[in-house]
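Here is a short report on one protein model.

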Amino acid sequence: MAKYVAAIDQGTTSTRCMLFNHKGESVAIDQMEHEQIYPKPGWVEHDPMEVWARTQDVIKGALKKAGATAADIAAVGVTNQRETTVVWDKKTGKPLYNAIVWQDTRTDKICNELAKDGGQNRFQAKVGLPLATYFSGPKVRWILDNVDGVRAAAERGDAVFGNMDTWVIWNLTGGVNGGAHVTDVTNASRTMLMDLDGCKWDAEIAGIMGVPMSMLPEIRPSSDPKAYGYTLPDGPFGGRIAVCGDLGDQQAATVGQAGLDVGEAKNTYGTGCFMILNTGTDIVPSKNGLLTTACYKFGDKPTVYALEGSIAITGALVQWLRDNLKLIDKSPDIEDLAKTVDDNGGIYFVPAFSGLFAPYWKSDARGVIVGMTRYVNRGHFARAALEATAYQTREVLDAMNADSGVPLKALKVDGGMVYNDLLMQFQADVLGVPVVRPKVAETTALGAAYAAGLAVGFWASEDDIRKNWGMDKTWEPSADDAARTKLYAEWKKAVTRTFEWVEQ
């Protein structure tokens, strides 16, 4: 009898495979980074073939660490960096261009052209998203317009599109030999091409965007008892296993956090920061710069929706200090360096490297450091970088409270940065609500596992997910509200200095 569910977490900087038991506990993990490609300022790419190679390696690595075979695996779930766009030839299996990453800003001109008729919110009533470089649709258009032969291949029906979930699932289930060309409602809702009401591709918007409908994958439930397809005996799993779970990474983290009830919210601290509030089966339009998105769809049940606040650069700022400025040797070193000072020394670091996401949606913004004096040292840089994550989260939470009309009482957190005690305490201080970390902080992979496991009955119901959730640590806000008043006001002032830096 199968003992585990496997989750493939294809992230922005790395890919991992994790095996989970029925209690939702991790029994094995294998992880590998892939190259970040920066051809020009504002451009970010990945090599899809490298990502697929890493995916195969980590699957084999996780199975080896657990001493498991395909017979031990009940199902496979996939979660992924959303909006990162791949176009490939379905006959050869080769990408027609590198994957364009969600952080990439090259589609700014396309978005501005589309916004001339109807403004930035031209499609928002249908798709829940503003026109922004973040989303997949304009990226597909850029590839069609700028890479020789791709539009002709699309017109022949050979060129197909997918976010990274689609690319991984297609390869897992056979690739050129009948691989499943599918996505789920959560990933489809990040393309700017899906009508949220009914979760169907919108032919009119696709036409305006210049994306042939023939390129688009089939939209399926996030947890699908019918399965998208099966792994191959000669593939990395070494056997036939149902691939039947698919969630964009932030929606997966929401499921992994057992955020299955209306009004529950979580914040994931990764390359960026992403806060999601479950709004149930109601599609709630945002008036305060948030995204309306699909949260998950389990089998034949109605789609559950969410409000989301997306922040482009949080953990990536720490990586930038490590790799570009050589300020630290390892990412976790940022906390010790920040602890060498008592405060930020008066500086604010607004990391608008890819423009500003929620709640501003300004693609012409660029990063700034303000308040510099001779007093400032390396420790202040480290402290200001961590504080930037907390302030940006506060901005999103303020918007979420305004949209939902229900003030948040506590924030569930997950992701790599939640082991930084200094950051988490400052986050609680800035928000004025408790910050709660679960026992399993890698909730993105866990959510993908839950989706797959529910589809095959490994977990009987959503109640099993709720029972598995357990609290690890809570940070209470301090009585001193300086971080919520004066410091936050100075942060808001610093943000305005990033506006309109790039002239059209």
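Contact here means heavy atoms within 4.5 Å. Keep in mind that the model is predicted.

**Where two helices meet**

By that rule, A388, Y391, Q392, R394, E395 and D398 in helix 12 meet L487, Y488, W491, K492 and V495 in helix 16. The residues of this contact divide into six nonpolar, one polar and four charged. The two helices pack at an angle of about 90°, and their axes lie 11 Å apart. Angles of 65 to 115 degrees count as roughly perpendicular. Helix 12 and helix 16 are therefore roughly perpendicular to each other.

**A helix with two faces**

Which residues of helix 2 are buried? They are D108, I110, C111 and L114. They cover an arc of only 165° around the axis, which puts them on the same side of helix 2. An α-helix has 3.6 residues a turn, so residues three or four places apart point the same way. The buried residues of helix 2 pack against helix 4 and helix 8. K109 and E113 are exposed, on the face turned away from the buried side of helix 2.

| Helix | Residues |
|---|---|
| Helix 2 | 108-115 |
| Helix 4 | 136-146 |
| Helix 8 | 203-209 |
| Helix 12 | 378-404 |
| Helix 16 | 486-496 |

**The whole chain**

The protein chain has 16 helices and 23 strands. Of its 504 residues, 63% are buried. Among contacts between residues at least 6 apart in sequence, 72% join residues at least 24 apart.

Definitions and conventions. Residues numbered from 1 in each chain as written. Predicted model: local features only at pLDDT ≥ 70, side-chain atom pairs only at ≥ 80, totals over all residues. Heavy atoms only, no water. Axes fitted to C-alpha atoms, helices over the stretch in contact; angles between N-to-C directions. Helix = DSSP H or I, 4+ residues; strand = E, 2+ residues; numbered from the N terminus. Parallel < 35°, antiparallel > 145°, perpendicular 65-115°, else oblique. Nonpolar A, V, L, I, M, F, W, Y, C, P; charged D, E, K, R; others polar. Buried < 20%, exposed > 50% of the residue type's maximum accessible area, 1.4 Å probe, protein only. Arc of directions from axis to C-beta.
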